[in-house]
Amino acid sequence: MNAELSQIDFPEMTGALAHEIKNPAAVALAHINLMRQKQTTPTHGLEPHLNHIEQALMDICELVQDMLYAVYNFSEPYAVDVTDMFHEMLEIYRAAWPSISFSLNTSTQLTCIGQESSIRLVFSNLIKNAVEAVEGVESACIEISASNTGKFLNISIYNNGAVEGSMTKSHGNGLGLAICRHILTQLGGHLQIDTSHQKEGFTITVALPTGNA
């Protein structure tokens, strides 16, 4: 029995558990958002309950993120095609935040060297930061684009929100930019922030190695 337990891939199991928790949580948050949008009459005392449920779901999602980082061990990198990962993530975010325009614009294959679990952690946090940055912005948009320089796959996340305070925002003990940088360093990549268009938002670009010299 001990020999069997020693061979269990706990990071993989944890990632699967996180997936099963976070996807329904995102759908539930989307339902709460739709209920608020469609309310044309007084809530009859429902709003405090919605707020409580919403906060509880967000707390659960943050705990899941902490759990993922706590148990994840950096293993030998391998070739990863993250195209499906981005489509899946954006489908969830579109359902949860229908007022935000999400787009994925790329003509290059989204293949890099790394581990899908750690890459997913980085981008789920960066996209969530972008969502928080565009909160309250009229015609809010988050645009993801990619380019390949040969040595690196560069994936950029642009949002038209406010720069100040949004790049270092981290709730509770969730993943912040510092941890994203740490993960990327382990993968042989890096992160760059472009604030040159401050009046219109900012762009965060993640460079992931392709394995090419």
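## Pairing within the sheet

Helices (H or I, at least four residues) and strands (E, at least two) are DSSP runs, numbered from the N terminus. β4 and β5 also form a hairpin with three residues between them, and G150 in the turn has a positive phi of about 100°.

On its other partner, β5 (residues 152-159) pairs with β7 (residues 202-209) in the antiparallel sense over eight bridges, with L153 opposite L208 in β7. By contrast, β2 and β4 run parallel and are joined by five bridges; here N105 stands opposite S145 in β4.

## The sheet as a whole

Five strands form an open sheet of mixed pairing, in the order β2-β4-β5-β7-β6. Because β2 and β6 (190-194) stand at the edges with a single partner strand each, one side of each is left without a neighbour in the sheet. Neighbouring strands of this sheet are turned by 15° against each other on average, direction ignored; axes are lines fitted to C-alpha atoms, for helices over the stretch in contact, and angles run from 0 to 180 degrees between N-to-C directions.

Helix α4 packs on the sheet, touching β2, β4 (141-148) and β5, and its direction makes about 170° with that of β2. Helix α6 (residues 177-187) packs on the sheet as well, touching β6 and β7, with its direction at about 135° to that of β6. Contact means heavy atoms within 4.5 Å.

Helix α4 (residues 83-96) has 14 residues and reaches 20 Å from its first C-alpha to its last, close to the 20 Å expected at 1.5 Å a residue, the expected span being 1.5 Å times one less than the number of residues. In α4, M85, F86, M89, L90, Y93 and A96 are buried. Seen down the axis of α4, these buried residues fall within an arc of 120°, so they line one face of the helix; the arc is that of the directions from the helix axis to the C-beta atoms. D84 and E91, on the other side of α4, are exposed. Buried means under 20% relative accessible area, exposed over 50%, and partly exposed in between (1.4 Å probe, protein chains only).

Helix α5 (residues 116-133) packs against α4 at an angle of about 35°, with the axes 11 Å apart. Among the residues that meet across this pair are M85, F86 and Y93 in α4 and I119, F123 and I127 in α5.

## Two individual residues

S103 lies in strand β2 (residues 101-105) and counts as buried, at 18% relative accessibility. Leaving aside its neighbours within four places in sequence, S103 is in contact with L90, R94, I142, E143 and I144.

A56, in helix α3 (residues 47-71), is partly exposed, with a relative accessible area of 33%. A56 and A25 are 31 residues apart in sequence and 9.8 Å apart in space, C-alpha to C-alpha.

## Basis of the values

Residues are numbered from 1 along each chain as its sequence is written, and side-chain values use heavy atoms, with hydrogens and water left out. As the model is predicted, local features need pLDDT of at least 70 and side-chain atom pairs count only at pLDDT 80 or more, whereas totals for chains, interfaces and linings use all residues.

Definitions and conventions: Two strands pair if DSSP finds at least two bridges between them.
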